[in-house]
Every structure is written in C-alpha cells, then in structure tokens.
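Q: Could you walk me through the aromatic contacts in this structure, and then the overall fold?

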Amino acid sequence: MTRYIKTFKEIVDIVHHDYAGYEEKQGWDDPAHYLEEIERLISGQQITPQVFTDLVNEYLMAFQDRHMYFNLKGSDDVQASTRGFRTRRYEDVLYVVETCEEDRFPAGSKIVSIDQQEIETIITSNRGFLRETSAEREDWTHPLNKSSSIEIEDENGELLTFELKDYEPASKKLAPSMEEVDDETLWITLPSFVNVDGTMDYVKNHEEKLKACTNLIIDVRNNHGGNGKSFSNLLPYIFPPDEHPCTDGELKEFNYTDRNSDLFIQLCQQLRKDITDEETLKFFDSIEEDCEKYRGQGFVTRDFSDELEVEALKFEGTDSPKNVIVMTDVYCASAAEYFVEICMESSKTTVIGRATMGVNDYSDLLIKEWDGMYALYYPMSRRIQKTSNDPLHGKGIRPDHYIPWTPKHIDEDLDLLYAMDMLRESEIAEG
C-alpha cells in the first residue's frame with residue numbers, strides 16, 4: 001500500500017519542480033489534504049488503482065491545466081474503467097450525447113440528478129471540478145466518476161434511476177476517414193494526430209481526390225492532438241497559391257530540468273520506433289540535442305521563427321479545393337489546436353463550430369510512468385504571453401463562425417449542415 005503514497009509524493013515533486021506552470025501556480029494546490037485522504041483510504045482498505053487515479057486527477061485540477069492529467073494504463077491484474085457514456089449540459093439539463101460501453105439508456109437521455117442532487121446544485125458546489133464556466137464546455141467526467149447513481153428522464157417524462165457501472169474502455173477509432181458529401185465536397189475526419197506516418201500516408205493516398213474536389217470540410221472536433229508533423233502534407237490544400245503560414249514564432253520557455261531532459265529523450269526514442277518520416281526523425285534529433293545542451297538549466301527561452309519559416313516555405317498552396325471549412329469543438333486540443341490556428345491564416349479557409357479546448361499555454365507533454373500501470377502527462381514548456389480566459393469560449397481558439405451547442409446536435413450534425421449552407425451561399429454569390 002505504501003506504493004500509493006510513494007507515487008503520490010513523486011507526483012507532487014514533479015508538479016512543484018518540473019511542470020512548466022509550477023512557478024506561476026505556487027500555492028494553488030493542497031497536497032497535504034490528498035495525502036491524508038490516501039492514507040485514510042489505505043487504512044480503511046478502500047483504495048484501488050482506479051480510486052487512486054481519480055484522486056490524483058482531482059488533486060491536479062487545482063492547477064487549472066487540462067493539458068496535465070493522470071492515467072491508469074492497467075495491467076494483467078488491473079483494468080482501467082469508464083462510465084461508458086459522454087455528457088454535455090444545455091441550460092439546467094445534462095444530456096447524454098454519446099453512449100459507448102453503456103447500453104441501458106440511449107443518447108439524448110436527460111440526466112436530471114446525480115446521487116439525488118439536482119444538476120444546478122452540483123454546478124454550484126462543484127464548479128472547479130467541471131473545468132469551465134460555459135455549460136457547453138464543462139467536463140462532467142470527474143463528478144460522474146465519484147457518483148454511484150443517476151436519475152434520467154425518458155422520452156415519456158418518466159424518471160428512471162440507474163446505478164452507475166464501471167466498464168472496460170473500448171478501443172477508439174483514431175484512423176482518418178473520408179466521405180463524399182456531394183459531387184463537389186469531401187468531408188475528411190481526423191480523430192487524432194498521434195500516428196504521424198498513418199495520417200500522412202492517408203493524405204498522400206487520397207491526393208487525387210483532394211486535388212479534384214471543389215470544397216473540403218476538415219473535421220477535427222474530437223481530435224485530442226498528437227504530433228504537429230502529422231498534418232504537414234495537408235497544408236497545401238488549405239492554403240491558396242502564394243500564401244503561407246505566419247513564421248513569427250511565439251516565444252516559449254522550456255523547463256530543462258534533469259528529469260524533463262531524460263523524459264523528453266526517452267519519449268523521442270519511443271516515438272522513433274513507429275515513424276519513418278525523415279523530417280520528423282530530424283526534428284527528434286534536434287530535441288535530443290537541446291535536452292543535452294540545456295540540461296539542468298531550468299527555464300530557457302526558445303524562438304522557433306527560423307524553423308517555422310523553413311517549414312512554411314516547404315510547400316506551395318493549391319487552387320483546389322477552392323473552399324476549405326474546418327469544424328472545431330471544445331474536444332479539439334493540443335496539436336489539433338495548432339492546426340486550427342494555422343488554418344485560420346488561410347484566405348480560403350473558414351473555421352466553424354465552437355472554441356477549441358485551449359490547452360496550449362502549457363505544452364510539449366512529457367510522460368512519467370510507474371510500474372507500467374500509471375502515467376502522468378504534464379507540460380514542460382510555457383508561452384510567455386498567456387491566453388485570456390473568455391466566459392463563453394474559455395481559452396480556446398474562437399471559430400470564425402460560432403455555432404452554439406444545443407441538444408439538436410445529438411441527432412443531427414448541425415455543424416455539417418451549417419458548412420453545406422455556407423458552401424451553397426458561396427456558390428450563389430459567385431454564380
């Protein structure tokens with residue numbers, strides 16, 4: 001049982017010294033409270049790997065950084081668990097927007113209470129644990145994980161109570177997909193940028209379709225990020241000829257502690273195993289060289305303007321597709337947000353939907369593992385100029401056309417319909 005205490009103390013040490021936000025957020029956390037709670041659970045034989053994981057994530061919430069989190073990877077003896085459904089709030093009702101492993105109630109169900117507490121009461125008492133102030137951006141994962149039952153109102157207005165269950169998470173589809181919406185419009189969905197070779201190969205294998213289409217809709221609404229190199233060969237279709245992304249690099253500070261340098265090198269070496277793209281491998285070489293060069297120096301300011309200029313001039317934009325629309329949402333995070341930022345610089349690209357998650361004030365995630373069972377993800381770099389927090393859009397990148405989320409989105413893709421209406425209006429205006 002002492003492994004729980006040892007692991008937690010090491011987590012505290014990391015967030016107090018190696019985490020990129022530790023200086024600015026000194027005193028925000030209360031590790032003593034959570035250490036006492038862990039000891040209490042151990043003495044009462046109530047602690048489990050999942051309970052410990054949830055408790056650590058609750059502790060990390062004090063830093064108000066959705067780019068830092070603790071995962072239970074599981075083992076032969078221990079399985080990570082999920083409630084099996086996703087939710088989103090509209091006004092005073094919490095809606096089930098997607099059922100994954102859970103099959104006892106459908107998407108569209110209204111959750112009116114959790115552990116016999118009304119939704120409005122939970123919002124008031126647990127605001128910090130919902131991560132955001134705007135209803136459509138709230139994250140209800142933590143309150144649901146800590147609860148045992150929910151009350152649902154079905155389509156007939158009848159109230160039904162369900163005991164919450166723990167499910168083994170099903171594997172998620174992370175591969176790109178493409179669909180022809182009409183004769184002139186392609187809709188490409190990019191759920192992840194983790195697999196560099198896979199994403200780049202997909203774009204390359206569909207280059208004839210991409211060159212031939214008039215309209216391209218790119219869906220990154222549920223893309224949690226990965227590696228920015230993944231979308232590099234998609235950029236020619238996003239920009240018209242003679243346009244390139246801005247190369248004025250934003251200054252960032254990297255926290256080159258000994259631990260961060262070791263973990264960054266380990267991460268690069270691990271990623272190399274699944275990547276063949278030469279440019280990406282050269283990028284890893286430069287990262288490893290920097291880690292050794294600045295090791296132990298703490299925060300070092302870096303300006304990547306030269307590297308950005310080289311990358312920007314590597315491609316030429318295209319006339320086709322003529323119109324590009326990018327669909328975003330609060331689940332779009334990390335490297336996917338950089339992608340959205342770049343897209344917004346193109347004169348032929350329009351971003352619609354809802355603001356992205358807004359996690360890149362602190363980025364360049366490192367991974368510290370324990371016994372192959374737990375993993376702490378935390379940023380080692382920080383922007384010098386931080387993003388302001390908007391009551392409606394949070395710190396996310398705001399779309400050109402904001403589409404408020406409503407329960408109608410559950411049964412119908414209103415964002416896609418909006419995109420098609422925009423394209424039709426564009427044709428009429430030009431015709």
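The chat below takes up the aromatic pairs, then the charges over rings, and then the chain as a whole.

Q: Before we start, what kind of model is this?
A: This is a predicted model, and the values below are computed from its atoms.

Q: How many aromatic pairs are there?
A: The count comes to 22 aromatic pairs. One of them joins Phe8 and Tyr59, whose ring centres are 5.2 Å apart and whose planes stand at 65°, so this pair is edge-to-face, the cut-off for that being over 60 degrees.

Q: And where do Phe8 and Tyr59 lie in the chain?
A: Phe8 belongs to helix α1, which covers residues 2–17, and Tyr59 to helix α3, which covers residues 49–60, so the pair ties together parts that are 51 residues apart in sequence.

Q: Phe8 and Tyr59, are they buried or exposed?
A: Phe8 has a relative accessible area of 2% and is buried, and Tyr59, with a relative accessible area of 0%, is buried as well.

Q: What about Phe52 and Phe70, how are those rings arranged?
A: Phe52 and Phe70 also form an aromatic pair, with 5.8 Å from centre to centre and 85° between the planes, and it is edge-to-face. The pair links distant parts of the chain, with Phe52 in helix α3 and Phe70 in strand β1 (residues 69–72), 18 residues apart. Phe52 is buried at a relative accessible area of 0%, and Phe70 counts as buried at 1% relative accessibility.

Q: Back to Phe8, which residues share an aromatic cluster with it?
A: Phe8 forms one aromatic cluster together with Tyr19, Tyr34, Tyr59, Phe63 and Tyr362.

Q: Switching topic, which lysines lie over the face of a ring?
A: Lys229 lies over the face of Phe283, at 5.4 Å from the ring centre, and Lys368 lies over the face of Trp370, at 5.6 Å from the ring centre.

Q: Now the whole chain, how many helices and strands does it have?
A: The chain has 14 helices and 17 strands. Its radius of gyration is 23 Å, close to the 22 Å that the globule rule gives for 431 residues, so the chain is as compact as a globular protein of that length.

Q: What share of the residues is buried?
A: Buried residues make up 50% of the 431 residues in the chain.

Q: Last one, how much of the accessible surface belongs to carbon and sulfur atoms?
A: Carbon and sulfur atoms account for 47% of the accessible surface of the chain, which comes to about 21,100 Å².

Technical notes:
Residues are numbered from 1 along each chain as its sequence is written. This is a predicted model: local features need pLDDT of at least 70, side-chain atom pairs count only at pLDDT 80 or more; totals for chains, interfaces and linings use all residues. Side-chain values use heavy atoms; hydrogens and water are left out. Rings of Phe, Tyr and Trp (its six-membered ring) pair if their centres lie within 6.5 Å; planes under 30 degrees apart count as stacked, over 60 as edge-to-face and the rest as tilted. Helices (H or I, at least four residues) and strands (E, at least two) are DSSP runs, numbered from the N terminus. Buried means under 20% relative accessible area, exposed over 50%, partly exposed in between (1.4 Å probe, protein chains only). A charge sits over a ring if NZ of Lys or CZ of Arg is within 6 Å of the ring centre and within 35 degrees of the ring normal. The radius of gyration is taken over C-alpha atoms; the globule rule is 2.2 Å times the number of residues to the power 0.38. Accessible areas come from the Shrake-Rupley method with a 1.4 Å probe; for residues, only the protein chains shown count as cover.
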